[in-house]
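Please consider the following note alongside the sequence and the coordinates. It is intended for a reader who wishes to check each point against the model.

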Amino acid sequence: MKTAQALTQVMEGTVRSKNRWLLAAVLAALLVGATWYCVSVWRAAPSMPLYGNIIMGVAAILALVAGCGLITLIFYTHRKGYDESAHSNRPPRE
């Protein structure tokens with residue numbers, strides 16, 4: 001009986017491992033395809049003027065600052081205990 005359980009566990013591990021490799025291969029193929037498409041569209045598009053590149057760079061920096069600020073707030077509120085559920089000292093209603 002124990003050998004059957006051991007064989008079952010080995011087979012389940014093998015199937016899970018194969019599924020993980022299959023998932024990784026599919027995701028890698030999607031990443032390569034999306035990268036190829038983005039590069040081809042980027043090369044086909046006309047170049048942007050200098051002021052457009054500057055505006056795009058400033059917008060990217062502002063987005064990074066806003067994202068980092070929000071993540072910082074998440075860590076700050078969690079550490080200070082603001083994320084805990086509310087507790088009441090009143091007895092429950094009947």
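The points below proceed from the whole chain to individual residues.

1. Basis. This is a predicted model, in which local features need pLDDT of at least 70 and side-chain atom pairs count only at pLDDT 80 or more, while totals for chains, interfaces and linings use all residues. Residues are numbered from 1 along each chain as its sequence is written, and side-chain values use heavy atoms, with hydrogens and water left out.

2. Overall content. The protein chain has two helices and zero strands (DSSP runs, H or I of at least four residues for helices and E of at least two for strands, numbered from the N terminus). Of its 94 residues, 1% count as buried (under 20% relative accessible area; exposed is over 50%, partly exposed in between; 1.4 Å probe, protein chains only). The accessible surface of the chain comes to about 9500 Å², and 69% of that belongs to carbon and sulfur atoms (Shrake-Rupley method, 1.4 Å probe).

3. Helix 1. L22 is found in helix 1, residues 2-44. L22 counts as exposed because its relative accessibility is 54%.

4. Helix 2. This helix, residues 50-80, has 31 residues and reaches 45 Å from its first C-alpha to its last, close to the 45 Å expected (1.5 Å times one less than the number of residues). G81 follows helix 2 and has a positive phi, near 90 degrees.

5. T77. This residue lies in helix 2 and counts as partly exposed because its relative accessibility is 22%. Not counting residues up to four places away in sequence, T77 touches Y82 and D83 (heavy atoms within 4.5 Å). A polar atom of the T77 side chain lies 3.1 Å from the backbone oxygen of I74.

How values were computed
A polar contact is a pair of N or O atoms within 3.5 Å; within protein, one must be able to donate a hydrogen and the other to accept it, and residues adjacent in sequence count only if both atoms are side-chain atoms.
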